[in-house]
Amino acid sequence: MQVKILGSAAGGGFPQWNCACPNCRGLRAGTFRGKARTQTQLAIRADSSSWFLLGASPDLRAQIESTPELHPRAPEGTPRHSPIAGAVLLNADIDHVLGLLLMRELQPLCVYATKSVRRILTKDNSMFAMLQRVPGQVTWKEFVPGAQFRLSTSAGEDVGLRCRALPLGTHFPSYVSAPRRSQLSPLESSLGLIVESPTGKRLAFMPAVPAITTEVSRVLESCDVILFDGTFWSDDELIRLQGSGQTARQMGHVPVSSDDGSLRQLAALSHPRKIYVHINNTNPMLNDSGPEHRQVRDAGWEIAEDGWQFEL
Ligand SMILES: [Zn+2]
């Protein structure tokens, strides 16, 4: 399995358009020791030529253009083509699904989502009807958390990747109306994904983890590479910056630092390669020359950058 990290930032990207935090200001001024990042986006493929997206970020168009493997390879006489066969959605957050609307040009795609996420997008957000203009444009495939499912193209070709989603949070995005919310299953709101390659190697993608349970730790230890929630360094990061707002945990993200942060709680993981992803622009570990960056690296973790890729 080939894995590409097309984007590694949390919602808003780095720098964020309206943010003048020390990180964003320093990056714009050219004084920051660290890289700009687009919003979190993964692409995976097994041996076949078909790629699957994990999530569909608002930066997807630029992310595709900067990745030659994802460019059209049209046979002569067929001007439209994409090696992207589909996408797997783990939640209905805007920074995780908006990219679907950027792929509305009648390209056949399979979109895997829970029943709840599919209903939010297709029943309450009329713009998503642009993905259903002709038969066979987007084929929705529902999966149930906990049950294994296999990825296949819209032509029915099994691409050799087995997936299983793990319920992590219970909150839907705030744009979802109360009446709709009451009809949905909270356990389908925010998921982590385990992808198994044809050779049995396992990847965990968990961009939003509100709490590290025994089950989460057990699953992570069974994986070969984990891409884990690195959104916030500290629980009160945004409150200290803005003077008000929500804690990291209230927003569904366990912070990296502190006694009950992910660095400490996952210190015993011995098997997987550990990579933080979905990093918010305010997170001090983005600064390559800062003590937080050093602390993370010394603990055996890596901090994802756009463009990274690896084989599993
Ligand atoms: Zn910022």
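## Helix α1

In this predicted model, the face of helix α1 turned away from its buried side carries two exposed residues, Pro22 and Ala29. The helix covers residues 22-29, and Asn23, Cys24, Gly26 and Leu27 in it are buried. These four cover an arc of only 165° around the axis, which puts them on the same side of α1. An α-helix has 3.6 residues a turn, so residues three or four places apart point the same way.

After α1 comes Gly30, with a positive phi near 80°.

## The sheet with β1

Seven strands make up an open sheet in the order β6-β5-β4-β3-β2-β1-β14, and their pairing is mixed. At the edges stand β6 (138-142) and β14 (309-311); each has a single partner strand, so one side of each is left without a neighbour in the sheet. From one strand to the next, the twist averages 20°.

Strands of a sheet pair through backbone hydrogen bonds, either parallel or antiparallel. Strand β1 (residues 2-7) and strand β2 (residues 41-45) run antiparallel and are joined by five bridges. Gln41 in β2 stands opposite Gly7. Helix α4, residues 115-124, lies across β5 (109-113) and β6, and runs at about 145° to β6.

## The sheet with β7

Another open sheet of seven strands has the order β7-β8-β9-β10-β11-β12-β13, again with mixed pairing. Its edges are β7 (148-152) and β13 (301-303), each with a single partner strand, so one side of each is left without a neighbour in the sheet. On average, neighbouring strands of this sheet are turned by 25° against each other, direction ignored.

Four bridges pair β7 with β8 in the antiparallel sense. Arg164 in β8 stands opposite Gln148. Helix α6 (residues 214-221) packs on the sheet and touches β8, β9 (190-196), β10 (202-206) and β11; its direction makes about 155° with that of β8. Helix α9 (residues 291-298) also packs on the sheet, where it touches β12 (273-277) and β13, and its direction makes about 135° with that of β13.

## Salt bridges

Side chains of opposite charge can pair when their charged atoms come close. The structure holds 14 salt bridges. In one of them, the side chains of Arg150 and Asp158 meet at 2.6 Å, N to O. Arg150 is partly exposed at 41% relative accessibility, and Asp158 is partly exposed at 39%.

Another salt bridge brings together the side chains of Arg249 and Asp235, at 3.8 Å, N to O. Arg249 lies in the loop between α7 (237-242) and α8 (262-265), and Asp235 in the loop between β11 (225-229) and α7, so the pair ties together parts that are 14 residues apart in sequence. Arg249 has a relative accessibility of 29% and counts as partly exposed; Asp235, at 26%, also counts as partly exposed. Arg264 and Asp259 meet through their side chains in a salt bridge of 3.3 Å, N to O. Here Arg264 is exposed, with a relative accessible area of 52%, and Asp259 is exposed at 61%.

## The loop at Pro173

Pro173 is found in the loop between β8 (158-169) and α5 (178-182). The residue is buried, with a relative accessible area of 9%. Apart from its neighbours within four places in sequence, Pro173 is in contact with Ala92, Asp93 and Arg181. Ala92 and Pro173 are 81 residues apart in sequence, while their C-alpha atoms are 6.6 Å apart in space.

## Cysteines

A disulfide is a covalent bond between the sulfur atoms of two cysteines. A search of the whole structure finds zero disulfides. Cys21 is buried, with a relative accessible area of 4%. Cys163 is in no disulfide, and the nearest cysteine sulfur, that of Cys223, is 12 Å away. With 1% relative accessibility, Cys163 counts as buried.

Methods: Residues are numbered from 1 along each chain as its sequence is written. This is a predicted model: local features need pLDDT of at least 70, side-chain atom pairs count only at pLDDT 80 or more; totals for chains, interfaces and linings use all residues. Side-chain values use heavy atoms; hydrogens and water are left out. Two strands pair if DSSP finds at least two bridges between them. Axes are lines fitted to C-alpha atoms, for helices over the stretch in contact, and angles run from 0 to 180 degrees between N-to-C directions. Contact means heavy atoms within 4.5 Å. Buried means under 20% relative accessible area, exposed over 50%, partly exposed in between (1.4 Å probe, protein chains only). The arc is that of the directions from the helix axis to the C-beta atoms. A salt bridge is a side-chain nitrogen of Lys or Arg within 4 Å of a carboxyl oxygen of Asp or Glu. A disulfide is a pair of cysteine sulfur atoms within 2.5 Å.
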